[in-house]
Amino acid sequence: MATTAEELDRQALLEGIGCSRKRKEDPRFIQGKGNYVDDVKLPGMVYADMVRSPYAHARIKSINKEKALALPGVLAVLTAEDLKPLKLHWMPTLAGDVQAVLADEKVHFQYQEVAVVVATDRYIAADATELVEVEYEALPALVDPHKALDADAPILREDVKEKDNVGQGPRKHPNHIFSWEVGDRDTTQSALDTAEVVVKQDMLYPRVHPSPLETCGCVASFDKVKGQLTVYITSQAPHIVRTVVSILSGVAESKIRIISPDIGGGFGNKVGVYPGYVTAIVASIVLGTPVKWIEDRIENISTTAWARDYHMTGELAADISGRIKGLRVNVLADHGAFNSHAQPTKWPAGLFSICTGSYDIPTAHVKVDGVYTNKSPGGVAYRCSFRVTEAVYLIERMMDILAQKLNIDKAEIRRRNFIKADAFPYKTALGWEVDSGNYQAALAKVLDAVHYDDLRKEQAEKRSRGELMGIGLVTFTEIVGAGPSKACDVLGVGMFESAEIRVHPTGSVIARMGTISTGQAHQTTYAQIIATELGLPSEDIQIEEGDTDTAPYGLGTYGSRSTPVGGAATAVAARKIRAKAQKIAAHLLEVSEADLDWDVDRFKVKGVPGQEKTMKEIAWAAYNNVPDGMEMGLEAVDYYDPPNFTYPFGAYLCVVDIDKLTGETKVRRFYALDDCGTRINPMIIEGQIHGGLTEGFAVAMGQEMPYDAEGNLLGNTFMDYFIPTFVETPHWETDYTVTPSPHHPLGAKGVAESPHVGSIPCFTSAIVDAFAHLGVTHMDMPHSAYRVWQKIHELGLDKQA
Amino acid sequence: MIPGEFEYHAPATVDDAIQLLAQHPDDGKIIAGGHSLLPMMKLRFAEPAHLINIFEIPELKGITEEGSMLRIGAMTTESELIRSALINQKCPLIVEAAKMIADPQVRNRGTIGGDIAHGDPGNDHPAVMLALDADIVVKGPQGERTIAAKDFFLGTYVTALEPNEIITAIRVPASTPGTGYGFNKLKRKTGDFATAGATVVLHLKGNTCDEIRIALTNVGPTAFRAEAPEALLQGREIDDALIEQAAIKVMESCAPAEDLRGDAEYKCHMAAEMARRSIRDALARAKGN
């Protein structure tokens with residue numbers, strides 16, 4: 001720890017951990033010099049476009065390609081029949097199911113991929129898709145998941161209808177995917193039976209889409225001479241893509257190069273492997289020429305991975321003082337046409353069982369049933385760790401409802417149930433070990449900052465005048481950093497993360513990680529970790545990710561895992577280098593290692609001022625003057641398998657004013673306190689929080705994917721799908737506490753998802769609070785003006801005097 | 001989102017444009033700023049074989065004062081309207097409406113003529129034109145004619161513009177003392193069309209309203225004048241009770257289509273609320289003038 005002014009000066013020069021260093025990525029992005037997949041242009045490149053189903057459920061009677069093939073410039077039209085000999089008409093999903101690459105005999109959702117057209121020109125490809133003649137026989141669509149398991153429900157997946165298991169345990173109906181249970185059913189039942197108070201609430205977390213600014217796409221290039229496949233791809237997990245492509249294609253992993261260049265946002269949408277990628281790769285192998293496939297916005301929203309669609313019922317048992325005795329949750333999960341949700345393989349409901357939240361709940365039971373419907377497949381973490389958003393939404397709603405039932409303030413009910421600060425690590429009733437937390441302090445800081453009591457007084461006055469003002473409160477606990485390989489794998493690969501660091505003779509550094517930034521600024525923050533660990537300036541540290549030929553194997557960036565797992569790998573690899581550097585320094589200074597102290601950027605001989613070697617000097621020596629028996633060079637690799645998840649937390653408060661005559665909500669105030677443990681770059685954290693809060697605002701207030709009774713997706717453009725601009729976005733106030741993770745090398749926990757996970761129930765809490773004095777306990781999202789007005793109108797609040 | 005094939009024409013004069021339109025009577029289409037037409041073409045809802053761009057034609061630009069009227073070239077963009085000192089001074093209602101259209105990118109391309117010609121019930125200028133009692137100046141092979149705004153909007157995407165005609169200008173009356181306007185538009189978000197909108201122009205003689213026009217947006221097959229509430233308020237001293245009665249008549253005059261913005265009931269109520277606000281705003285401005 002630096003203490004003197006001279007040491008602090010040297011530390012500042014490093015721009016290491018804790019420094020609000022400017023993002024290294026920004027100069028190229030703001031000058032339009034980024035390199036995204038659609039910027040990639042290869043010699044001889046041709047273009048793919050999809051023929052998609054207008055029906056949500058139909059049998060394909062015939063496909064006639066003749067007219068399309070006759071159009072000059074069209075090179076190929078591929079259907080499931082063409083992929084069948086290659087066994088590529090279906091592909092395995094991460095969840096043990098299979099997904100049609102191109103529709104095989106049936107279509108199961110509107111816009112499903114039916115055929116792919118490849119042409120010399122993007123425009124010709126689009127024209128040719130209209131010339132492919134597909135004859136359909138429409139079938140009744142299953143849209144409501146609550147009807148999926150009815151005896152007379154249409155059977156969707158004829159390919160698996162005889163199977164009693166589609167990869168995630170026994171099932172009871174051809175439209176059933178899995179049942180997953182955790183916790184103690186009997187003690188939970190008993191807690192509910194004997195409780196002084198029980199509250200129960202149905203709630204829908206609607207289907208929403210992450211909608212990154214850049215849609216999905218790829219450029220596949222197969223070199224027939226070398227037998228090598230290169231794919232530029234919009235992927236949050238390039239190494240996993242390489243493994244999947246190798247398994248699917250039979251090409252050796254060593255001959256496949258996956259490159260994720262600059263990625264324009266992911267938010268979970270870019271974890272999966274999509275039919276467009278697979279068909280572009282096949283087309284490139286068949287034609288021997290590079291093939292580009294880029295989706296448009298409608299295709300992105302309609303067919304690639306969405307999130308949520310959880311129909312939840314929560315039950316809390318408590319005593320009359322509000323102390324919780326048990327929690328039961330039943331979920332009906334709408335997984336769409338194929339079970340292709342992206343989760344750690346063994347977790348069909350992801351990490352949903354974190355739903356006991358920040359509270360000391362003695363017993364709990366959770367059951368989740370997944371069903372097929374005629375909607376697009378997917379189910380990903382939309383800026384959250386695997387169903388954590390749903391879990392936090394459920395418990396935070398239930399806390400409010402319990403508080404209302406008992407007429408206890410919603411801050412007070414939380415205080416009474418918090419896991420105590422001295423109880424960490426805390427084992428939850430559903431089996432998680434929460435690493436660290438201080439929930440009381442976080443809540444107290446927020447309530448003080450906003451003058452909570454004054455807000456409640458103001459609200460009481462407004463209510464007496466018939467005005468609608470709501471105060472939302474959430475005290476959430478996240479679970480991120482998947483994850484320990486004993487609990488988590490993807491297709492059998494443990495969810496470790498990797499870093500490889502090389503220190504050059506002059507003291508500059510190149511480091512490569514298995515993660516991939518989709519906007520999080522890894523080039524900036526990983527360099528800061530290395531700068532602090534090695535005492536070398538971050539400006540001279542180059543970070544590279546996303547090229548499987550050069551980066552070490554990693555599981556990618558999603559579920560807020562880059563800092564908790566990738567950041568840990570980076571720190572540990574750097575510490576391996578520092579340990580070697582210490583030996584070299586001892587050799588150079590002719591003392592024993594034990595006589596050396598680390599001081600910001602150098603080793604000093606204890607008690608002998610001036611006897612020291614800087615990291616730069618040591619780096620030079622590593623290439624010409626090392627102790628006998630030591631190999632030259634200064635580099636290290638680490639594959640970090642985390643001992644536990646990390647558990648960031650926060651306390652959020654929201655104040656809304658609702659226009660009784662239009663239903664419009666004005667978010668007057670939003671105060672977000674986050675505790676993500678050690679903070680690597682406070683400016684980037686604040687940016688992440690602003691982004692997460694804005695996406696949370698979008699989800700809570702407007703985002704939805706509405707389907708009509710025939711399974712047509714309404715609202716798949718940005719005309720309808722809500723992406724807030726700065727006009728709609730509220731002002732955000734941010735704050736923090738620091739409770740380091742005890743098991744992470746840096747004490748860091750990850751932050752990108754907290755504001756999303758935490759803010760969404762906070763908006764709902766505020767909206768419902770505006771009506772709480774009228775007996776309203778819950779309102780489903782999205783809280784659009786239209787929907788809020790319907791509640792106002794139902795209550796007769798819009799009557800003119 | 002790739003349009004079909006089309007041939008692009010960029011005539012230098014209005015007469016050239018009219019001639020091109022005559023040459024392609026069935027598959028020619030005029031394009032102005034393109035922000036309504038291009039999305040439809042990208043979705044292949046519209047597939048004109050000939051696109052005739054009139055955006056750059058100089059004689060369709062510019063704002064001038066003609067006696068008590070303002071003449072606005074059809075290819076004047078929303079941004080140009082917003083920045084025009086003349087419009088700000090003599091017809092601020094248009095500025096207020098233009099500011100609420102879409103987003104800055106669209107306003108830099110979107111034109112007042114295109115907005116009116118498209119006949120979309122969700123577009124904002126039609127109701128403004130109705131409320132201002134504007135004239136639409138059009139030109140075709142037979143020469144120029146003027147169509148009153150109240151006769152122009154016939155149905156969804158249907159206007160009194162003949163297929164061989166082009167809107168060349170809009171003529172609106174400059175504001176006079178005692179005149180007030182109100183423009184209120186409820187929208188879900190930036191860039192959206194109105195869930196419901198109401199534009200009001202009224203004139204006060206003393207405290208009596210001797211002239212009022214109430215025009216509604218996106219609550220019927222086209223923008224339209226709500227005549228029943230106009231008749232109610234005409235010749236009266238407008239107070240809150242009367243506004244409330246007018247609001248009910250506004251609601252009764254609406255026939256909106258349900259969509260993701262809301263059902264018919266919501267839209268009727270929102271049209272009424274926008275009308276209340278616009279009547280109040282117009283009254284306040286008329287009194288201030």
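**Figure 1. Helix 19 of chain A is mostly covered.** Of the 10 residues in helix 19 (residues 785–794) of chain A, 7 are buried, a residue being buried if 20 or more other C-beta atoms, placed from the backbone, lie within 10 Å of its own. Helices (H or I, at least four residues) and strands (E, at least two) are DSSP runs, numbered from the N terminus. The structure is a predicted model, in which local features need pLDDT of at least 70 and side-chain atom pairs count only at pLDDT 80 or more, while totals for chains, interfaces and linings use all residues. Residues are numbered from 1 along each chain as its sequence is written, and chains are lettered from A and ligands numbered from 1 in the order in which they are written. The buried residues of helix 19 of chain A are A:Ala785, A:Tyr786, A:Arg787, A:Val788, A:Trp789, A:Lys791 and A:Ile792. In chain A, they pack against strand 30 (649–658), strand 31 (665–675) and helix 18 (754–771); in chain B, they pack against helix 11 (264–288). Just after helix 19 of chain A, A:Gly796 has a positive phi of about 70 degrees.

**Figure 2. Chain A and chain B meet in a contact.** Chain A supplies 25 residues and chain B supplies 15 residues; two residues are in contact if their C-beta atoms, placed from the backbone, lie within 7 Å. On the side of chain A that touches chain B, helix 5 (122–129), helix 9 (297–303) and helix 19 of chain A each give two or more residues. Helix 5 of chain A gives the most, with 4 residues. By class, this side of chain A has 13 nonpolar, 6 polar and 6 charged residues. Here Ala, Val, Leu, Ile, Met, Phe, Trp, Tyr, Cys and Pro count as nonpolar, Asp, Glu, Lys and Arg as charged, and the others, Gly among them, as polar.

**Figure 3. Helix 17 and helix 18 of chain A pack against each other.** Two packed helices are described by the angle between their axes and the distance between the axes. For helix 17 (residues 682–701) and helix 18 of chain A, the angle is about 40 degrees and the axes are 7 Å apart. Axes are lines fitted to C-alpha atoms, for helices over the stretch in contact, and angles run from 0 to 180 degrees between N-to-C directions. The two helices of chain A are therefore oblique to each other, since angles under 35 degrees count as roughly parallel, over 145 as roughly antiparallel, 65 to 115 as roughly perpendicular and the rest as oblique. The residues of helix 17 of chain A that meet helix 18 of chain A include A:Gly692, A:Phe697 and A:Met701. Helix 18 of chain A contributes, among others, A:Pro755, A:Ile760 and A:Phe763. The contact of helix 17 with helix 18 of chain A comprises 9 nonpolar, 6 polar and 1 charged residues.

**Figure 4. Helix 11 and helix 12 of chain A cross at roughly 160 degrees.** The axes of helix 11 (residues 410–417) and helix 12 (residues 439–450) of chain A come within 10 Å. This crossing makes helix 11 of chain A roughly antiparallel to helix 12 of chain A. A:Ala411, A:Arg414 and A:Arg415 in helix 11 of chain A meet A:Gln440, A:Leu443 and A:Leu447 in helix 12 of chain A.

**Figure 5. B:Thr76 lies in a loop of chain B.** The loop is between strand 5 (69–73) and helix 3 (78–83) of chain B. B:Thr76 is buried, with 22 other C-beta atoms within 10 Å. Not counting residues up to four places away in sequence, B:Thr76 touches B:Lys61, B:Ile63, B:Leu81, B:Thr111 and B:Ile112.

Technical notes: A residue is buried if 20 or more other C-beta atoms lie within 10 Å of its own, exposed if 12 or fewer, and partly exposed in between; C-beta atoms are placed from the backbone.
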